[in-house]
Each structure stands twice: as C-alpha cells, then as structure tokens.
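Biologist: I would like to go through this structure slowly with you, one question at a time. Please show it first.

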Amino acid sequence: MSDWSNNPGPFDIPDVVKWIPRGVKPWLFILFVLIIQFSGGIYMAAASNMVGTTALMQQDILMAGYASLIGMAVNFAVMFRIKFRFSTRTQLLVCGTILILANIICVQTTSVPVLVLTCLVAGWFRMQATLACNSTIQLWLTPVRDMSVFFCYVYLVVDTVIQLSGIFTIYTAFFSVWENMQLIMVALLALMMLLVLLLLKPVRGPMFIPLKGIDWLGSILWAGFMLCFTFVCVYGNYFDWWESNEICVATVIALACIALLLWRATFLKNPYISFQAWKNKAVWRATAVYLVFFTLLATEHVFEHSYAEHILGFDETNLIDLNWYVMVGILAGCSFTFLTFAKLKWNYKTMALIAFALATIYLAWFYLFIDYGIEKEALFVPLFFRGAASVIISIVFLTSIVQSGLPFEIFPQAVSINGFTGAVMGATLGPAIIGEFLRHVLQRNFAFFSSGITDTTSVEHIPLQDLMVMVTGHSMVVAMKEIYGWLLIVAITSIIIILISFTPYPGRWKCLAQYLRTGYVNIK
C-alpha cells in the first residue's frame, strides 16, 4: 500500500492513472470489491437447483461453500506478506484469473473433491483481492486508521453482498438456469481485469517483503484441519456420526493435523499461527462469544428455510425475498455500530449486550409466534434483528482482536483464528448441534403424535398419506418451538452473565457459580 500519510493534500491513489479524477478513484476500488465478493465459485443459494441437475447432494454443496470460507480464513495469516510483495495491479490480475477459472470449473465438474478444492483456492484468492482493494482505500475511509470504522465498511460490503448474491442467484435460476450466474460472474471478472489493465499502474508499496520464511506446510495443515472439522459437522448427521468410517477417518486426520501443528509450533521460528496469537485474551474471548452466539443463530441454517418452504409453503423466490429483510437488518446494524461503537466509543461489553439482546428478540419472536399461517411480511421483525445482531457482534470482536496490542506480524494470525472460529465454526458447529437436537426431538414428537392418532377413530376417513403429512408438520412445528425455547433460555442466561460482568464486585463470578449450584448466594 502506498504511504498516503506522507502525501499532503486530498486523498489520492498513485496506482490509478492520473486522468481519473481523485474523487472517482476510491469508488473504482469499491466496484472491484463488489465484483470480487460476488464471485464465490459456488453459490449455496442455488443448492436445490444444483441437486436437481447434478449428482451432488445438499451436503456436498455446503461443504464446497464452507471450503471457500476456509480459504479466506487461511489467507489472513499471510495476506499482508502478499500485499507488500506484489503491486495491487498484479494481485488483482492474478486473483481475477483464478476466480474466473474457479467459476468455470464449478459449473462444469460434479466431482466433490475437485469442487471443494476449487472453492478452497477461490476463497484464498478472493480474500487476497479484497484486501488489495480495501487496504488501498483504507485512509480514504478513515484517515486516522480507526479499525472500528474500517470494519463497519468491511462487514457492510461483505454481509450485504452475501444476501444480494443469494437473491441474484435465485432470480437468475428462475428466469434461466443456475449455471448462468457463473457465466455472469466470469463476464464481470473479465470486465474488472480489463479496467485494471487500462486504469492501474504497477506501483509497488513502500515496503518490499519477500515471501521467504512462510510456513507453507503449516498453511496446508491448517486448511486440512479446518476441512476435516467442517466435514464432520456437515456430513455428521448424514453418516450417523462416529458410527461411520468416514467421520472417524476425518476426525483422526483433524486430530493428526492439529497435533502436528502444535508440535511444529514448539520449534519453528515463524509457524503459520504461533502460540502468541493463541495466548491473546481477546482471541479466546471472541472465540467463546462466537461459539455461543452463532449457535443461538444456528436455527437459520437448520430449519428456518425448511419451515418457510414446507410449513408456510413458500416457493424459491418468496424464500430468497427474505434476504431483503436480513439485509435491512445488516444495514441498520452497521449504521448503529458506526455511530455508537466507532464514533461514540461505546465499550465491547455494551455492544455485546446489545447484540445478544437482539438475538434474544429473534429467538423470542419465533418461540411465541411460530405457526402454520404466518404471512411473509411478519417475518421481517425476527430476520431484521438477526441480521443486525450478527453484524454487530462480528464488527465488535474483530476490532477487539486488532486493537488488543498484538505485534504487527502476529495480529494477522489472530485474525486468521477469528476467521475460522467466526465464519467457519460459526456456520458449521452450531447447525450440527442444533440439527442433531432437532432430529431427536422430532423423532420423539412424531412417535408421540402418531400414538395419539392410532388411539382415536376421528381420523379414520383421512387418507394415510395426508395423515402422515399432518403429523410430520405438527411434529416439526412443536420441535422447532421447543428448540427456540431452549435457545432463548441460553440467550437470556448470556445476557445475565454480561450484565454481571459490568459490576466491579470482585467475587461476582464465584457468587454466580454458587447461585447456579445451590440456588442462593451467601455473601460474607
């Protein structure tokens, strides 16, 4: 990145040719970011279309989509090394070429390993191209490098593009075929590369750091561990967990990878992710919050889609229109975080309390109002609060890691951990837990309602097939309400814990443990 701080006068980007007005240059890079973020290789919104036209399963497409997130998480640890080694022009041209090839491969192949590996590589290069653009305009966004302001912009772009990508994918498949989404993205990436060739100069940053000393084997081991972890979460229910050889093998490989990583970190001078990054308090705090918070919102991945499709009878276009509600919540959450956290400097605990409160409203709404005849417009409230809550928690705790005092060479490693725990684990572990919980509750409810029907003669005139559909639907609604209730209890408990952490009383955690264990507190 060019050293803008030494250039007096209005913000300028030397990488862009001089005849482009200064005010237009940053928007050119925002255009590049939008195109890059849309180019995911595979689009999980088109999963049902892909399942219907290929030999792939729903789990295969999810695995490929999460592999893209893993590629992005692995890239964090070396993204600045790449940034300081190559010019922005070179990075965008190389990344654009890789993403074009990834889109072409993903639309042609039906091999799951090829699909997963392609999305992994595409995610890596997509993250690098995104960094190349965002770091170039960082001082335009925040001249004092206020990372809370910068991350509001980052999540505003990333999360809104996720919602818009799903909308565009479904409507592309609705009016033509799902493969055309990849073709559109290939054309847009080609346009981006043409603009880069015409408008950008190969300007190298103020520092030239060679790519020597990078633990590339460590990056492969970390990617292997994350892929195996994701495989267990995505395919666990399908293969019946550790009753199957596939899940056992994936678990053994994951344990072997993490053991090798820990062993190598004890003697390597520059491991891919060092112990110093893991020892950081902000990293562990963010990891714990992510595990709880995104498990509370895991119902989005487990049965929110099934409820709207099978219980409410929404078709694909009505389903994807719900993304607009989430996107409005994301916009509101980013705006609120910008005003309070970035400008007014509210602290982390206050912002975390607000995010958990919004998640509680989301869970409470579904617990109280989930039914068979809900109109689509009524879902605006819970989806709005879910979108706002997730973006607030992500901005706040990523900022806490960056501002935790880590050395410059270590904090990208901490961000890589944050990417894995927030994006990958948050999207896979919570749904795996809630999905297994749902399976047991659904089986119990189905057996209960079925036994009740066989004991009465009032349903003898109803065809057996219609009867089974009715019992299954009722079992599903009751099971979802029960799970929302349990998650609501966890959310309220989390809020209580955050509120207790506000108090300066030194023995507050001991008192909380005593209360949970005995039901009373003995204060001496």
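Biologist: How many of the 29 residues of α8 are buried?

Modeller: This is a predicted model, in which local features need pLDDT of at least 70, side-chain atom pairs count only at pLDDT 80 or more, and totals for chains, interfaces and linings use all residues. Residues are numbered from 1 along each chain as its sequence is written, and side-chain values use heavy atoms, with hydrogens and water left out. Helices are DSSP runs of H or I with at least four residues, strands are runs of E with at least two, and both are numbered from the N terminus; buried means under 20% relative accessible area, exposed over 50% and partly exposed in between, with a 1.4 Å probe and protein chains only. By that rule α8 is mostly covered, and its buried residues number 23.

Biologist: How far apart are the end C-alpha atoms of helix α8?

Modeller: The expected span of a helix is 1.5 Å times one less than its number of residues. Helix α8 covers residues 147-175, so its 29 residues should span 42 Å, and the distance in the model agrees with this, at 41 Å.

Biologist: Is I167 buried or exposed, and which residues does I167 touch?

Modeller: I167 lies in helix α8, and because its relative accessible area is 3%, I167 counts as buried. Contact means heavy atoms within 4.5 Å. Leaving aside residues up to four places away in sequence, the residues that I167 touches are I320, N323 and W324.

Biologist: Which helix gives the most to the lining of the largest cavity?

Modeller: On a 1 Å grid over the protein atoms alone, a cavity is a set of points where a 1.4 Å probe fits but cannot get out, and lining residues have an atom within 4 Å of a point. The largest cavity holds about 70 Å³ of space, the volume being the space filled by probe spheres set on grid points that are joined across faces, edges and corners. Helices α10 (216-235), α11 (245-265) and α12 (275-279) each supply at least two lining residues. The one that gives the most, with 4 residues, is α11.

Biologist: What average pLDDT does the protein chain have, and how many contacts does the stretch of residues 1-8 have beyond near neighbours in sequence?

Modeller: pLDDT is the predictor's confidence in each residue, from 0 to 100, and the protein chain averages 83, with 88% of the residues scoring at least 70. Over residues 1-8 the pLDDT is below 50. Where pLDDT is low, the predicted coordinates should not be read in detail. With that caution, the contacts of residues 1-8 beyond near neighbours in sequence come to 21 in the model.

Definitions and conventions:
On a 1 Å grid over the protein atoms alone, a cavity is a set of points where a 1.4 Å probe fits but cannot get out, and a pocket is an open set with protein on both sides within 12 Å along at least five of seven lines; lining residues have an atom within 4 Å of a point.
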